[in-house]
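Here is a short report on how the parts of this model pack against one another. Please look at the sequence and the structure first.

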Amino acid sequence: MSAGAHSDPPALEHAPADAAFEEALRPASFSAHVRETLRSSWLFRLGLGIVLIALFLTVFGPYITPHEVEKATSDANLAPSLSHWFGTDPNGFDVFSRVLASARIDVTIALAATLFSFVIGTFIGLLTSYFRGWPGEFVMRTTDTVQAFPLFVLAIIVVVMSGRSLRNVILVVALLNIPIYLRLCRSQVLTIRERVFVEAAKANGGSGLFVAFRHVLPNTLSPGLAQIPITVGFAILVTAGLSFIGAGVQPPTPEWGAMIAAGADGIVIGKWWSSVFPGVAISLTVFGFAVVGEALRAIFLRQEWK
Amino acid sequence: MTLFLLRRLAFILPQLFVVIVGTFVLLRALDVDPVSKIAGSFATPETTAQVEASLGLDRSLGAQLQSYLGGLVQGDLGESWTTNEPVTSEIAKRFPVTIQLIGLGFGIAVLLAIPLGRSSAANPTRRREKITTVYALFAGAQPDFWWGLIFAFVFFFKLGWLPAPLGILNTGVSGPSGPTNFILIDTLVHGEFDLFLSALKHFVLPVMTMTFVLTGPILKIMRQAALDVHESEYVLYANAAGFSGKVTKKMITRNSFAPVLTVIGILFGFSLGGAVLIETVFSLNGIGRYALQSTLNVDFPAIQGAVIVMTAFSLLIYLTMDTAYALLDPRVRYSRV
């Protein structure tokens, strides 16, 4: 993920004044820092382990399920047993199989939405902050106004009314997160554009766009990159939340939030398993992504993370 | 200070206006047809036209917006297309439920997280730091609706300590009417203490759920802010100059509050809509569920009303936060717009 930004440090010949920053861009020292954090922090190892399992299930989850995922059977509400490890839900679906298969939906939506908001937010942030003038002001005012909306309700409205498809959920979750990346990028660009190496690049005759993308952009990415895992986690929560209230992914597609909703009525009469297991999956996955994000942020800032 | 407030207001009112117009236009731009939903799929063209006219959708967008805004300035949010009740009075019943849930949830979360964060920053042992970090990260990354179900399972089904997650009072019992629609206030006003206790018990689990997920981010930012101030040069100076611990402590509290207030404001704005999840789990008739049901019913005036009230309220909260911020830090009063 971050390899691209680090394996090819551009423009170091116009060395930035900030030694720590320069060091952060050097590939060897970045991976050394990751290794160091891996060695010293069990929390980072745990988080990374969870994220890797989640990514593995995203790719292979649907192929390794012991039962068919979208085939209802007459065995409804069976308690966990040897043949159904996590029991069956009110529709007779095998909960274990669906928990495994759901990662494909939840994590894919979250990754796609996050990537989308990262790219769009950074792009707009870079262009409107590097070049002075009214567009920057306009975009920031618009962002403020979008954030004045009750965002979760806005998401419900747009998804329900434009159709509860995967594509619409991805777009809405992405929209929710664009302001974060826009702000992160803007705050970086506003300081970077005043630096000597940018002035040097301009003096060398670089055009505005060339300097913005080749010299400023690579130096503004770290905070945004460290934010990615955190946004992925948040996006999983939003996707599951939308599906839980019926405004997201629709059953019988396996999705953690919708699975919790399917078991919600059973939980107050003691049939806990169809809601509990998908919830554990969300809880651990989002926690894992949050831990990795926090650790990455510390690594980018060259701080120790215990 | 007055100038500061006026400047902030000049900034907030246009935002509210854009949200109102934006919601209005967005609903009509989305690919959804309220007329066929209300008239039914077997309606004749005449009925369809009649329904369209009665909803006002046969007029141009500008004309619709104009009459809507005309009503809005008089506090009239129109009539719901599903219940034919005035949206204003429906929201007046629903909004207090959400405010009580969020208000209690935030209140308790702040009361817990601030002293914890401060003491963990003031006296950072490795063990304590670790526990705070892990807890804050974990609680901040949790699906609140799922924890609500878990709490209901444990405290209602297993232990039987608290009532079933089926609303604000026992089924079949109705609360007092008026004057504020805040059940925790109205029951006291009418002197019905049994109802007050019952409502309070019904609020315990939803509030606990909300508090749990909120303590994460608040604790994290409080700890970070307090640490930053602890390591600042002016605290070093104050210590070196021999100020008493009490003075420095006050200094730290005062100066670490600003980022905490910002985070609380943002969380509050999001929770107003996000509360729909907890409201759904505990069958609370709050404004989040109102917005959800209205969306499912394609009930434009009700959706608009809910969005406007939520936006106005969160802008009011941001204004309060900014004011508190300015009161805490004199530098802000003169520099920021």
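Two residues are in contact if their C-beta atoms, placed from the backbone, lie within 7 Å. Domain bounds come from an automatic or database domain assignment. This is a predicted model: local features need pLDDT of at least 70, side-chain atom pairs count only at pLDDT 80 or more, and totals for chains, interfaces and linings use all residues. Residues are numbered from 1 along each chain as its sequence is written, while chains are lettered from A and ligands numbered from 1 in the order in which they are written.

**Domains of chain B**

Chain B is assigned domain 1 (2-73) and domain 2 (87-334). Their centres, taken over C-alpha atoms, are 31 Å apart. In the contact between them, 14 residues of domain 1 of chain B meet 14 residues of domain 2 of chain B. On the domain 1 side, α1 (2-29) and α2 (34-39) of chain B each supply at least two residues. α1(B) gives the most, with eleven residues. Helices are DSSP runs (H or I, at least four residues), numbered from the N terminus.

**Chain B against chain A**

This contact takes 42 residues from chain B and 36 residues from chain A. Among the elements giving two or more residues to the chain B side are α1, α11 (245-274) and α14 (300-328) of chain B.

The table sorts two contacting sides by class. Ala, Val, Leu, Ile, Met, Phe, Trp, Tyr, Cys and Pro count as nonpolar, Asp, Glu, Lys and Arg as charged, and the others, Gly among them, as polar.

| Domain 1 of chain B, touching domain 2 of chain B | ten residues | two residues | two residues |

**The nonpolar core**

A nonpolar core is a set of buried Ala, Val, Leu, Ile, Met, Phe, Trp, Tyr and Cys residues joined through C-beta atoms within 7 Å. Buried means that 20 or more other C-beta atoms lie within 10 Å of the residue's own. The largest core has 171 residues. Those with the most contacts inside it are A155(A), I156(A), V173(A) and A306(B). Helix α9 (residues 193-230) of chain B gives the largest share of this core, 16 residues. Domain 1 and domain 2 of chain B both contribute residues, so this core lies between them.

Which residues does A306(B) touch, not counting those up to four places away in sequence? They are V153(A), I91(B), I287(B), Y290(B), A291(B) and S294(B).

Key. A residue is buried if 20 or more other C-beta atoms lie within 10 Å of its own, exposed if 12 or fewer, and partly exposed in between; C-beta atoms are placed from the backbone.
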